Amino acid sequence: MRRGGGRATGSMPTWRYSIGMFGLAIPINTIRVSTLLFYVDILGLDVRAYGTVMAVYAVLDAVDNPVLGHLSDRTRTRWGRRRPWLVVGAVLLTAGLVGFFWAPSTLDGVALVAWFAFFAILCEAADSMYAANYNALLPELFRDEHRRAGANSLRQAFQLIGFAIALAATPALTTSVFGAEDSPSGFRTTALLYAGLALAALLFMALNVREDPARVAEGHDGFLTGARVILRNPHFWLVGLATACYLVPLAFVLAGVQLYVKYSLGLPVANSLWLIGSSIAIAAVALPVWTGLVRRRGAPFAWRLAFVFLAGGFVPFYLATSLASAIAGLGVVALGWSGLLATNDLIQARVVDDDIRRHGQHREGLFLSAFGFFSRLTGATAGIGLGSLGLLFGYYSGNDPGPDPGAAFRVAVGVYPFVIAVLGVILSLLIRVPAAGTEVPATASSEPGTPARSARQTARPRTVRAGRLAKGPAPRHDEVP
């Protein structure tokens, strides 16, 4: 079994692992960027119903994420822990994408809300299933931060290609190529096209996963014991909240950018192609620069700097009055976004590494799915924020846009995200990030200024079963000695 370099455990090429992010990015981001335009503005769904559905789902998602991660960690099949979940998640996600945009035009009222809620929940649950297993493979297959940073950078590059398709091409395909500005027909054709493309990429990655047999055979604590360990870890809460402060601002932009272009800039929706496409291009060009900075200065330094760019960019974006000035403002946001793509998963992986050092168990699925709770706050927070546009500005739907929808969406994609991103800057400066790797560090200083931990303090892995201490798994050369 080969480890390290450009290849993952079990000789899975890094590029093949990374292409899974391409397939994952297309369906869920197509839904996020087009829901308001498709359901609210075209089909007439009340924006308050949209906000309610997203808020209710966040509660459900807070439960299913860690449960799916724990079930994945404990799955024992001839195909490994992750692969069965990846295959099922891929099929459900792409089928849900098609159903989401094939809502009959005759639906209205409660029936329309029910259709939207069912397929939104199905797609998000399938996305959680695939993402929980896919993300758990990053710290498992790539053991040190240098290799991990390279693998993460490549998969984020694939994600940006998926973003380019889902976010930049979708407005043009749905409103100009396959349909019209106020017609749902273009969304149906686009959904079929995207579903086929995404399914091919997702299965191409999943069917070649080769996990470490020693980890597949490893024993695990029960769900409640593992959950208690995670919930008592302060880094889980601090890094998780910081993650939300990075993702929630982007969720506001993704959900509202098409209507920002339509109402705030007074331009055809198809112009979203240039606004989003330029931001993706900037993020892609900057990604290797951020990865180089991680390798020179470490993930925590680059992570904090990226938050500063993210928050600062929302000021000129809010003030923009033309497509060119909007592109410039969102371009600064894109620089921060690129930095967080390169670093945030590495920060979370450090927290997982620290848990392995302390407890001697590999529960990447449960831990990273628990982090998924914070990422799932994005839909609820954005839903509540967009729902507030009715109360503050009188915007309820395309049929009832209120007196000033331009101001409404300027606040939705500028003010709300700025406030939350500033909180992210503050949190990132306060957090002391653990060291990377599952080996006990010689000095154990996670970064400059972090107190050292002795080997004796961290070298005794143990698990908790039925209220007593049990002997942990036998250490290997890449685990705690």
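Guide: Begin with secondary structure: helices (H or I, at least four residues) and strands (E, at least two) are DSSP runs, numbered from the N terminus. The protein chain here has 15 helices and 4 strands. This is a predicted model, where local features need pLDDT of at least 70, side-chain atom pairs count only at pLDDT 80 or more, and totals for chains, interfaces and linings use all residues. Residues are numbered from 1 along each chain as its sequence is written, and side-chain values use heavy atoms, with hydrogens and water left out.

Visitor: What share of the 481 residues is buried?

Guide: Buried means under 20% relative accessible area, exposed over 50%, and partly exposed in between (1.4 Å probe, protein chains only). In this protein chain, buried residues make up 60% of the 481.

Visitor: Is Asn271 buried or exposed?

Guide: Asn271 counts as buried because its relative accessibility is 18%. Asn271 sits in the loop between helix H9 (234-264) and helix H10 (272-297). Contact means heavy atoms within 4.5 Å; leaving aside residues up to four places away in sequence, Asn271 touches Val261 and Leu323.

Visitor: And how does Val422 compare with the cut-offs?

Guide: Val422 has a relative accessible area of 30%, so Val422 is partly exposed. Val422 belongs to helix H14 (residues 405-430).

Visitor: How should I read a pair of helices?

Guide: Two packed helices are described by the angle between their axes and the distance between the axes. Axes are lines fitted to C-alpha atoms, for helices over the stretch in contact, and angles run from 0 to 180 degrees between N-to-C directions. Angles under 35 degrees count as roughly parallel, over 145 as roughly antiparallel, 65 to 115 as roughly perpendicular and the rest as oblique.

Visitor: At what angle do helix H1 and helix H3 cross?

Guide: The axes of H1 (residues 14-42) and H3 (residues 83-101) cross at roughly 15 degrees and come within 10 Å. H1 and H3 are therefore roughly parallel to each other. Among the residues making the contact are Leu24 and Phe38 of H1, and Leu93 and Phe101 of H3.

Visitor: What about H1 and helix H6?

Guide: The axes of H1 and H6 (residues 185-206) come within 7 Å and cross at roughly 160 degrees. H1 is therefore roughly antiparallel to H6.
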